[in-house]
Amino acid sequence: MRIHGKELPVPSFFQVYNFGGGNGDKDREIVYAELTSDTPALVNYYYINNRYPHLFQSKLFDQVQRFSRVGDLYNYIRGELIEKGEIYSGYTGLEYDFNDKVFLLDSGAFSIVKYVAERVGYDVDRFKTEIVRHATEYYDFAQALHFDIVVGFDMGGKYTEKDGEGENTVLQRFLSEIDPAEINGLLLEKTVEYLLEHPGYYPCVLATVHGNTPQEYRANVQSILRLENAHGVRFWGFALGGIASYKQVDPSWYNDVNFNGGGKRGFIETITPARACKIVRSMVGDRPIHALGCGGYNNIALNFFNGATSFDAATPVRRVGDGNLASTRIVFDPTPSQEGFSKYFMGGINMDGSMREEDCAYVKLNQVPDTMPLCGCPACSIAGSVHHIKELYAMKETDGEANYFSRQLIGLHAVMQHRHLCRVVSSYDSMGDFCRDYPSRLNEGLNRIQRQL
Ligand SMILES: [Zn+2]
C-alpha cells in the first residue's frame with residue numbers, strides 16, 4: 001500500500017518511538033534510526049506535546065511549531081542529540097532522513113484524560129466539554145506536522161480500579177462516574193464533524209474501535225459505519241483499541257479456546273487481537289486495520305491472517321531497559337543471575353529467509369551464547385557477533401555511549417525481526433501454509449489456535 005508517496009507494506013510493524021516519554025535508550029533510538037531504516041513509526045501525542053506537563057518532557061519539543069513535517073522535526077531532534085554527544089565514538093552514523101518514514105500519531109488518551117480531569121476539578125460535565133476541545137487540538141496538531149496517519153482521539157475503554165491506583169481517590173471516583181463508551185461516542189461524532197469542516201485534511205484517519213466483549217466490538221463497528229453513512233464521511237481505516245492486554249479484556253474473548261498441546265504461555269495473548277481483527281475485517285471491506293499495541297512477535301501472524309494490516313509494540317526496544325549497572329560487570333558469566341540484564345530476542349527468521357534454530361524468546365544477554373550466529377539485519381551486521389555486543393555492554397563504567405550502543409543493537413535487532421516476520425507472512429495466504437514452511441513450536445501452536453477462531 002502507498003500512503004503520501006511512501007510505501008507501507010501489508011502487514012506493517014510500527015516501531016514505537018517513545019522519545020519524550022523517557023531518556024537514555026529513548027534518545028538513542030532516535031540517534032540510531034538508520035538501523036531500522038524505513039520501518040514505520042508510531043509516536044504518542046502526549047509525550048511529544050509540551051503543553052502537557054510530564055516527567056520526561058524534552059525542551060526539543062518546544063520547537064515543534066517551527067516544522068511543517070514530522071520527519072523534519074525528528075531530523076532536527078536527531079541532529080541535536082548527536083550534537084550533544086549521544087552517539088558512540090566507535091560508530092560512524094549514516095545520513096538518515098526521517099521523511100522516509102510513515103508516521104502515525106496516537107493520542108496517549110489516558111494520560112490526557114487524567115490531565116483534563118484534574119484541570120476541570122473532576123467535574124464530569126466540564127470534562128466532556130473540555131476533552132472535545134483537546135481532541136480538536138490533537139487533529140490540528142496532526143495536520144500542522146503532516147502526520148501520515150492519525151488514530152481517532154478517544155479515551156480508551158473500560159477503566160478499572162487499577163488505573164487510578166497510586167493516584168488520588170478523587171480520580172478513582174471520577175473514573176467510576178464517567179462512561180467511557182458514551183464519551184467515546186461523543187468524540188467520534190466530533191471527529192466526523194471535524195472532518196466535514198476540514199475537507200482537505202492531510203492525515204489518514206483511523207476510527208477507533210472499542211468494546212469489552214466480541215458482541216460489543218461488533219456493535220461498535222456498526223455504530224461507526226452508521227455514523228459514516230449518516231454524514232457521508234468515510235474513515236481511511238480502523239484502529240482497534242483495548243485488546244492489547246489479555247489480563248484486562250473480558251475472558252469471553254478467549255475462554256472457549258482449548259490450549260491442549262501448546263499450553264497458554266505465549267499463546268493466550270494472541271487470541272483477543274486475532275478475534276477482534278477477524279470481526280472488524282468481516283465488516284469493513286478492504287480498509288486498513290491497525291491493532292493498537294498488539295505487535296508482539298507472537299501476535300503478528302495471527303493478526304495478519306485474521307485481517308490486520310498493521311500493529312505496533314514497544315516491547316522489542318523496552319526489553320533492553322531491563323539492563324542495570326551490576327549486570328554490565330558480569331555479562332560474560334552465563335550463570336543464571338537475578339540481576340536485570342538487557343534481553344536479546346532469540347529465534348525468529350534470518351534475513352536470508354532461513355528459520356533460526358532457537359525458540360523465540362527474550363533472553364538475558366549473559367545467557368546468549370557468544371558464538372550464536374546473528375540474523376543479518378543492519379544492527380546485527382554492525383555488531384558482528386554476540387561477543388562484541390557483550391564487550392560494548394560491559395563498557396558501561398568507562399564509556400556510557402558504548403553501553404547505550406550495545407542496547408540499541410539489541411533492541412533494533414528485535415524490531416527488525418518483527419518487521420521481517422511481516423515480510424515473510426505477507427507472501428502466505430493462510431497460517432497453515434506459513435506453518436508448513438516455517439514449522440516451529442510457536443507457529444504450530446498458533447496454527448492450532450487459528451483453527452479454533
Ligand atoms: Zn538481527
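This is a predicted model: local features need pLDDT of at least 70, side-chain atom pairs count only at pLDDT 80 or more; totals for chains, interfaces and linings use all residues.

Modeller: Val124 counts as partly exposed, because 13 C-beta neighbours lie inside 10 Å. Val124 sits in helix H5, which covers residues 124-144. Set aside the neighbours within four places in sequence, and Val124 is in contact with Glu177 and Ile178. Glu177 is 53 residues away along the chain, yet the C-alpha atoms of Val124 and Glu177 are separated by 7.6 Å.

Next, a helix pair. Two packed helices are described by the angle between their axes and the distance between the axes. Helix H7 spans residues 180-197 and helix H8 spans residues 214-231. Their axes come within 11 Å and cross at roughly 30°. The crossing of H7 past H8 is right-handed. On the H7 side, the residues that meet H8 are Leu188, Glu189, Val192 and Leu196. On the H8 side, they are Ile224, Leu227 and His231. By class, this contact has five nonpolar residues, one polar and one charged. An α-helix has 3.6 residues a turn, so residues three or four places apart point the same way.

Seven of the ten residues of helix H17 (residues 441-450) are buried, so H17 is largely enclosed by the rest of the structure. The buried residues are Leu442, Asn443, Gly445, Leu446, Asn447, Ile449 and Gln450. Their cover includes helix H9 (268-281), helix H10 (297-305) and helix H16 (431-437).

Strand E3 (residues 12-17) is largely enclosed too, because six of its six residues are buried. In a regular strand the side chains alternate between the two faces of the sheet. In E3, both faces are covered. Ser12, Phe14 and Val16 are buried on one side, and Phe13, Gln15 and Tyr17 on the other.

E3 also has strand partners. Four bridges join E3 to strand E10 (residues 310-313), and the two run parallel. There, Ser12 has Ser310 as its bridge partner. Three bridges join E3 to strand E4 (residues 41-44), again running parallel. Tyr17 stands opposite Val43 in that pairing. Finally, E3, helix H1 (residues 25-31) and E4 make a right-handed β-α-β unit.

Notes
Residues are numbered from 1 along each chain as its sequence is written. Axes are lines fitted to C-alpha atoms, for helices over the stretch in contact, and angles run from 0 to 180 degrees between N-to-C directions. A crossing is left-handed if the near helix is turned anticlockwise from the far one by less than a right angle, and right-handed if clockwise. Two residues are in contact if their C-beta atoms, placed from the backbone, lie within 7 Å. Ala, Val, Leu, Ile, Met, Phe, Trp, Tyr, Cys and Pro count as nonpolar, Asp, Glu, Lys and Arg as charged, and the others, Gly among them, as polar. A residue is buried if 20 or more other C-beta atoms lie within 10 Å of its own, exposed if 12 or fewer, and partly exposed in between; C-beta atoms are placed from the backbone. Two strands pair if DSSP finds at least two bridges between them. A crossover is right-handed if, with the strands pointing away from the viewer, the path from the first strand over the helix to the second runs clockwise.
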